[in-house]
Amino acid sequence: MPKHEVHKRGHLLEFSLVTSLFLAVFCIYMLKQFSSPLLYGINGPYYYIQVKSLFVRGSLKYFDPPLAFYILAGFSAMIGDLVSGIKVGSVLITLLGMYAMYYMMRNYSSILEGLMATASYALLSELIRLSFDLIKNAMGLTFLSFMMLFCYLALKKSSLWYSILASVFVLMTGLTHILDFVIACAILMLLAIEYLRDQGHLKYLAPPIATNLTILMMRLMFVNVMGGDLYKGFSYLRSLFSHEVKGVLFMMRTAPRLVFPLALGIAGFITALKLPEDVDRRFFSSISIVLIALNTPIHPEKFLWRFNLMTAILAPPILGLLVGQARDEKARVALALTLLGLIAPQFMLQLQYIRPSITLEEYHELRQLVSIIPEDVVLVAPDIQLKYWIETMIPSVVRTVKEASHGSYVVLVLRKMMFRTRRIIPPVARLIYGGRFIHAYLLPPR
């Protein structure tokens, strides 16, 4: 058999192996997704509102980086159902990052390192948390992973073509989620600093860095298109420099989830410094530095938990790198199985923990309430999660009474668990709906 045919069959076999793993994990995610008719996570209904708005109005209802919503709208159109389209589309796009992880580590070393990175990406509890709770963030990880792959290949193979592909995926990352985009910025900037005196390699970083800076300018200039990302950045800086003392309770809450990424980042950095090839050394040390920086407990707690979830994209290449350092094939396989054995239980635990932001009983009571409310009445839901769920049913819902139009009748909607006294209910309010979980109070026109 000709040599090129052997290589072709070998590549096809590898692709089939990764695809089999992809399909197995996809089925696990789908079983969880369709175990409830509701969308999962803290922002589940928000995605429904945004995608529905694309079909009804042709634009997003809330300003936000748009790419993920257009992709989900495409899946919804193909499947013929909004909820199913969001569930299938978000998981499918997120898990495609498995291919980027495989070929990144396959080009670094061998099939085993590639499979380790792929399997750990799919099984890290941080990824499943993101893919159910923070869909847009999770989808952006795939674009970020392909940016990392093509950036690595551009440097490794001295290829301008791969550099252009890296630029495309930088653009897609920037149009999807701010935190994913920040990670892309950090990796590219670290690599640029390391290659500052190496013009031969720096030219392959120039296209994705230029794209990166262009997107950054777009975000600064078109805030109304890209959403409140800029304000989130200012909020982070204010919190970071507020001189708030982080005490023992903060460390007790955060330490358990920081141990793994910090230990992994340090191990990855030390290992990367020992690598013989220059590109490998610089590339993997950059990823390790970003992982350590994101999980250092100097960050405000309200941001730290989001930063910690980015372990999903940064840990797999480092795990593959560490497996490749074992002395022989048997030791590498044993180490890979041991690491996956430690990761898998956390994955299963997180899978069991994930739930929609409201129960099915609460959802049915909301539907019942909405069905009896006249169209000219404005619903007020102070709980943002409740507001989004109501908004999937009717558009006339706000968070505060002040947002309601003057002269309109207002119905205040509360979850029973939210209040233990009547202090938050105005004295003039009249109970018009008293369910097991949801209460609604009629307020006179303002």
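What is the volume of the second largest pocket? The second largest pocket has a volume of about 520 Å³.

## Basis of the report

This is a predicted model, in which local features need pLDDT of at least 70 and side-chain atom pairs count only at pLDDT 80 or more, while totals for chains, interfaces and linings use all residues. Residues are numbered from 1 along each chain as its sequence is written, and side-chain values use heavy atoms, with hydrogens and water left out.

## Overall form

The protein has 20 helices and five strands (DSSP runs numbered from the N terminus: helices are H or I, at least four residues; strands are E, at least two). Along its principal axes, the C-alpha trace spans about 80 × 50 × 45 Å.

Of the 446 residues, 54% are buried (buried means under 20% relative accessible area, exposed over 50%, and partly exposed in between, with a 1.4 Å probe and protein chains only).

## Lining of the second largest pocket

The lining consists of 20 residues, and S125, E126, P256, R257 and Q346 lie nearest the centre of the pocket. The elements that give two or more residues to this lining are α7 (125-133), α14 (248-273), α16 (301-309) and α18 (329-353). The most comes from α18, with seven residues.

A pocket is defined on a 1 Å grid over the protein atoms alone, as an open set of points where a 1.4 Å probe fits, with protein on both sides within 12 Å along at least five of seven lines; lining residues have an atom within 4 Å of a point. Its volume is the space filled by probe spheres set on the points, which are joined across faces, edges and corners.
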